[in-house]
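Biologist: I am new to this structure and would like to learn how to read it. Please take the features one by one.

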Amino acid sequence: NIYPYFPYATDPVNIHLDYAIAKNETVVVHDGPLGYSNMFDAMFDAFLWAMEKEGVKDLPMVVSETGW
């Protein structure tokens, strides 16, 4: 489950609504060579990288619900 609402709700001054609800079309967050235009993609990618770091690779991922 990915909940972009909670980070936005706790810090709406620094996390713009368009980024949190995937309405932004430009890159907002840069992480090395990666760029994210919405929080959903950033959170999903962070999870994938964490799983890979723990040795879990090539596991199909499904998002069962989101926080909006």
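Modeller: Start with burial: a residue is buried under 20% relative accessible area, exposed over 50%, and partly exposed in between, using a 1.4 Å probe and protein chains only. Ala22, at 45% relative accessibility, therefore counts as partly exposed. This is a predicted model, in which local features need pLDDT of at least 70, side-chain atom pairs count only at pLDDT 80 or more, and totals for chains, interfaces and linings use all residues. Residues are numbered from 1 along each chain as its sequence is written, and side-chain values use heavy atoms, with hydrogens and water left out.

Biologist: What is the mean pLDDT of the protein chain?

Modeller: pLDDT is the predictor's confidence in each residue, from 0 to 100. For the protein chain the mean is 91, and 97% of the residues reach 70 or more.

Biologist: How many helices and strands does the protein chain have?

Modeller: Both are DSSP runs numbered from the N terminus: helices (H or I) need at least four residues, strands (E) at least two. Here there are 3 helices and 2 strands, in the order α-α-β-β-α along the sequence.

Biologist: Where does Ala22 lie?

Modeller: Ala22 is in the loop between helix H2 (17–20) and strand S1 (29–31). Its phi is near 60 degrees, a positive value in a residue other than glycine. Asp58 also has phi near 60 degrees; that residue is in the segment after H3.

Biologist: Is Asp58 buried or exposed?

Modeller: Asp58 has a relative accessible area of 82%, so it is exposed.

Biologist: Which residues does Phe40 touch, not counting residues up to four places away in sequence?

Modeller: Contact means heavy atoms within 4.5 Å. Phe40, in helix H3 (residues 39–53), touches Ile2, Val63 and Thr66 on that count. Phe40 and Ile2 are 38 residues apart in sequence, but their C-alpha atoms are 6.9 Å apart in space. Phe40 is partly exposed, because its relative accessible area is 26%.

Biologist: What is the nearest side chain of opposite charge to Asp45?

Modeller: Lys and Arg count as positive, Asp and Glu as negative; His and the chain ends are not counted. A salt bridge needs a side-chain nitrogen of Lys or Arg within 4 Å of a carboxyl oxygen of Asp or Glu. For Asp45, the nearest such side chain is Lys57, 14 Å away; Asp45 is buried yet has no salt bridge. Asp45 is in helix H3 and, leaving aside neighbours within four places in sequence, is in contact with Leu34 and Tyr36.
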